[in-house]
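Hi there,

Here is the structure I promised to pass on. Have a look at it first, and then read on for what I found in it.

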Amino acid sequence: MVEFIAKAHAENPVAILNTHDGNSSSSRPMMLLHDPLLGYYMVTRKDSRKLDQIAKNNDVHLLVGKSDLTASCYTEVLATCYPSRDSFIKRHAWRDIMTTFGYPSAESDLLVVLLLAIDTVTFVDMKTHKQETVKVPMPRILVTGASGNNGNKVAEYLLATKLANVRAGLRDTAKGTGLAALGAELAKLDWDDPATIAPAFENVDRVFLLAPLTLSWVGIFKAAVAACKAANVKYIVEFSAMGASADNNMWLSKEHAECEKVVKESGIAYTILQPSFFADNFVNFAGRTIKENASIFHAAGDGKASYIATEDIAAVATTLLLNPTAHAGKSLVLTGPAALSGAEVASIIGKIIGKEIKNVDLPAEVLKKNIEQTGMPEKLAQGLIDLENVKKAGYAAVVTDNVKQVTGKEPMSLEQYILAHKQQLL
């Protein structure tokens with residue numbers, strides 16, 4: 001039974017635990033809540049509203065144990081998972097829950113506390129204060145595209161939690177020295193070299209799947225899903241894009257939709273992330289023109305986009321990869337907190353860096369020619385122009401609260417993002 005609880009913790013490290021305050025004359029139930037990203041704290045009946053809010057995106061695990069330390073084992077353990085936590089808690093008071101699941105009376109000897117740490121479960125008898133600690137295997141997660149902006153940030157965030165063994169998949173492992181220093185295992189993963197694919201996926205439980213920007217991703221996703229099946233991967237978080245649709249005339253949208261179909265039909269649990277336009281592009285790609293020309297160039301007219309920071313995408317991906325049951329089977333559109341036009345973006349950047357930034361709306365054909373002059377293939381350049389048309393038509397102005405629903409935190413505004421990266425624009 002100890003191994004059973006350890007396994008349950010390894011599969012979902014966010015758990016809500018029933019315990020007792022150690023006073024046999026008291027019948028006051030307490031809840032010990034451990035969230036690996038938030039830490040420990042006690043929740044009593046008075047805080048049920050707070051518990052509701054915190055647990056909205058997590059399954060509720062009720063772990064009830066009857067101690068028998070002399071035999072070094074724990075019996076009569078009930079582990080019950082409730083995806084529909086809200087309706088259940090509204091129908092039952094805390095005492096009713098405990099009675100339903102066999103929680104003994106105050107006079108009984110059930111005085112066991114289960115403390116969940118990063119990689120251990122500790123059983124503590126509140127009467128004798130004896131304890132037993134069991135090592136918990138951490139999930140093994142592969143992050144593909146780990147040398148890119150988004151993949152690298154996801155790997156960094158996962159490593160920072162210390163709740164998973166992280167493998168970073170890179171075409172060139174020499175670019176992963178920073179992640180290796182943080183504790184990541186590096187694996188060569190070159191989609192053009194089939195011999196590197198299976199070894200990169202071997203012995204991992206969960207995968208963050210992100211393909212490089214190429215003329216076709218479908219073949220890559222088919223190879224990735226095949227490798228996932230061969231490795232018995234249990235969960236995939238796919239990095240897609242807002243607006244992915246097989247009915248869309250834009251090839252980028254169709255390509256993303258085809259990739260999503262491959263993942264959905266794989267038979268593997270999944271969550272698909274569909275982020276909006278990246279706030280990072282104003283630093284990583286438009287930064288030079290902002291510094292040298294005091295201008296931002298686009299072809300979106302007065303169209304708006306709900307720009308999202310890579311940090312928020314990574315926070316969502318990290319939360320999901322550590323809690324695979326929370327949003328399995330869903331497609332989540334991820335956006336920043338507000339939709340902004342080119343003029344509004346220019347104004348925000350100008351105020352933060354202390355100089356006027358011009359908002360230059362170019363004809364689409366002119367912007368496409370400028371992009372091609374950087375060496376980008378015509379098809380990819382047209383894909384970027386298609387995205388400008390999406391903004392111009394108003395389709396990118398959608399704002400969702402999915403970042404907060406998953407992470408519990410509001411997404412960064414563009415002002416916050418630019419302020420955090422101000423030095424790169426000076």
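There are 5 aromatic pairs in the structure, where rings of Phe, Tyr and Trp (its six-membered ring) pair if their centres lie within 6.5 Å, and planes under 30 degrees apart count as stacked, over 60 as edge-to-face and the rest as tilted. One of them joins F208 and F239 edge-to-face, at 6.2 Å centre to centre and 75 degrees between the planes. Because F208 sits in strand β12 (residues 206-209) and F239 in strand β13 (residues 235-239), this pair ties together parts that are 31 residues apart in sequence. Helices (H or I, at least four residues) and strands (E, at least two) are DSSP runs, numbered from the N terminus. F208 is buried at a relative accessible area of 0%, and F239 is buried at 11%; buried means under 20% relative accessible area, exposed over 50% and partly exposed in between, with a 1.4 Å probe and protein chains only.

Another pair is F277 with Y307: the ring centres are 6.4 Å apart and the planes are at 70 degrees, so this pair is edge-to-face. F277 lies in the loop between β14 (269-275) and α10 (281-284), and Y307 in the loop between β16 (304-305) and α12 (310-322), so parts 30 residues apart in sequence are tied together. Both F277 and Y307 are buried. F277 also has K391 over its face, 4.9 Å from the ring centre; for a charge to sit over a ring, NZ of Lys or CZ of Arg must be within 6 Å of the ring centre and within 35 degrees of the ring normal.

Before going further, a note on provenance: this is a predicted model, in which local features need pLDDT of at least 70 and side-chain atom pairs count only at pLDDT 80 or more, while totals for chains, interfaces and linings use all residues. Residues are numbered from 1 along each chain as its sequence is written, and side-chain values use heavy atoms, with hydrogens and water left out.

Next, the nonpolar cores, meaning sets of buried Ala, Val, Leu, Ile, Met, Phe, Trp, Tyr and Cys residues joined through side-chain atoms within 4.5 Å. The largest has 32 residues, and V143, F208 and L273 touch the most other members. Helix α12 gives this core its largest share, 7 residues. A second, separate core has 30 residues, including A187, L209, V233 and V262.

L273 has contacts (heavy atoms within 4.5 Å) beyond its neighbours within four places in sequence, among them F208, F239, V316 and L320.

Leaving out residues up to four places away in sequence, T310 touches N149, N150, K153 and D280.

As for the whole protein chain, the secondary structure comes to 17 helices and 19 strands, and buried residues make up 52% of the 426 residues. Among contacts between residues at least 6 apart in sequence, 69% join residues at least 24 apart.

Best wishes
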